[in-house]
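Colleague: I would like to go through the terms used for this model and see what each one rests on. Please set the values against the cut-offs.

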Amino acid sequence: MKLSDIKNIQKINSSIILAKIIDTKGSVPREKNVFMVISSENQFGTIGGGEFEFRVTKESLKLLKIKDKYNDIFQYSLGPSLGQCCGGYIKVKLIKFDNGLKLLEKFDLKNEIINQNQNLYIFGAGHVSNALTNKLDGVGFNIFVIDSREEYLKKIKYQYANKVLAKNPEIIIQNSPSESYFIVLTHSHKLDFDICSNILKKNNFNFFGLIGSQTKKIKFRKRLKDSGFKENLINKMECPIGIDSIDGKEPDVIAISIIARLLEVKTLIIKKEERQLKLVKA
């Protein structure tokens, strides 16, 4: 579910359903605790799509019409009966509320989404930043856009993005949680270098990317080495940023390439954590 969905849910004055996955086994399209919201006219989020989600939606619409019934539980085997071949099992709980506000009073969906997301700090609010921020809602990041220019921050119109007016971005870096994601694309190479230096000093991040050419990369690497940074630490900085096989200098193309790389890194980290967990259990 997207953070931008929360305000729309809040506005619904008729009965509404929270459909939440409460148990899974085997191969399934979504994991336990994933949820979606269903009203008579709208649907927010997804619990897996396909015939499975279609049937959950159908049962939700039925529950909306039953006056004195407020919850139900359904179990689904993801096999031939649903036209699917996952072979797993999912249990879904439906909970009905009188309206969107009542639902949000009981389930703080906004904070639940925020707590599941990773923190992404974007330094610079120019064209690429705007194109990037436009595409980031719903892909698993809490977005912070930092710039010293108020007029540029005002151009970021997306309510799910946190806009930070900061003359000293190093304070933001110092106070950012560990394992955050950083993207540097300001209007100034000097500012880029200062921000890069502070990110490397922190040295506790999941991803650090700098926009620029191979020439910029070579110059920055030399300056960082001259400033005392070790080569193995400098190597953690990705520049140019994005997926190598995606060409194009348009802001939207660059943004899509960056998002693809962010998701690639996040997936690799999750898989690594899963492997480590299996080793511990073994």
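Modeller: This is a predicted model. Start with two helices: the axes of H8 (residues 189-202) and H9 (residues 214-226) come within 11 Å and cross at roughly 55°.

Colleague: Why are H8 and H9 called oblique to each other?

Modeller: Angles under 35 degrees count as roughly parallel, and 65 to 115 as roughly perpendicular. The crossing angle of H8 and H9 is roughly 55°, and H8 and H9 are therefore oblique to each other. The crossing of H8 and H9 is right-handed.

Colleague: Which residues of H8 and H9 meet?

Modeller: From H8 they are His189, Asp192, Phe193, Cys196, Ser197 and Leu200; from H9, Lys216, Phe220, Arg223 and Leu224.

Colleague: What makes Thr133 buried?

Modeller: Buried means under 20% relative accessible area. Thr133 has a relative accessible area of 0%, so Thr133 is buried. Thr133 has its place in helix H5 (residues 127-134). Leaving aside neighbours within four places in sequence, Thr133 is in contact with Ile122, Ile143, Val145, Ile156, Tyr158, Tyr160 and Ala161.

Colleague: What lies 2.7 Å from a polar atom of the side chain of Thr133?

Modeller: The backbone oxygen of Ser129 does. The limit for a polar contact is a pair of N or O atoms within 3.5 Å, and the distance here is 2.7 Å.

Colleague: Now the sheet with parallel pairing. What is its strand order?

Modeller: The order is E8-E7-E6-E9-E10, in an open sheet of five strands.

Colleague: What makes E8 and E10 edge strands?

Modeller: Strand E8 (161-165) and strand E10 (205-210) each pair on one side only. On average, neighbouring strands of this sheet are turned by 15° against each other, direction ignored.

Colleague: How do you know that E7 and E8 pair?

Modeller: Two strands pair if there are at least two bridges between them. Strand E7 (residues 141-147) is joined to E8 by five bridges, and the two run parallel. Ile146 stands opposite Val164 in E8.

Colleague: Which strands pair with E1 in the antiparallel sense?

Modeller: Strand E1 (residues 16-25) pairs with strand E2 (residues 35-39) over five bridges in the antiparallel sense. The bridge partner of Ile16 in E2 is Ser39. E1 also pairs in the antiparallel sense with strand E5 (residues 89-97), over nine bridges, and Lys25 stands opposite Tyr89 in E5.

Methods:
Residues are numbered from 1 along each chain as its sequence is written. This is a predicted model: local features need pLDDT of at least 70, side-chain atom pairs count only at pLDDT 80 or more; totals for chains, interfaces and linings use all residues. Side-chain values use heavy atoms; hydrogens and water are left out. Helices (H or I, at least four residues) and strands (E, at least two) are DSSP runs, numbered from the N terminus. Axes are lines fitted to C-alpha atoms, for helices over the stretch in contact, and angles run from 0 to 180 degrees between N-to-C directions. Buried means under 20% relative accessible area, exposed over 50%, partly exposed in between (1.4 Å probe, protein chains only). A polar contact is a pair of N or O atoms within 3.5 Å; within protein, one must be able to donate a hydrogen and the other to accept it, and residues adjacent in sequence count only if both atoms are side-chain atoms. Contact means heavy atoms within 4.5 Å. Angles under 35 degrees count as roughly parallel, over 145 as roughly antiparallel, 65 to 115 as roughly perpendicular and the rest as oblique. A crossing is left-handed if the near helix is turned anticlockwise from the far one by less than a right angle, and right-handed if clockwise.
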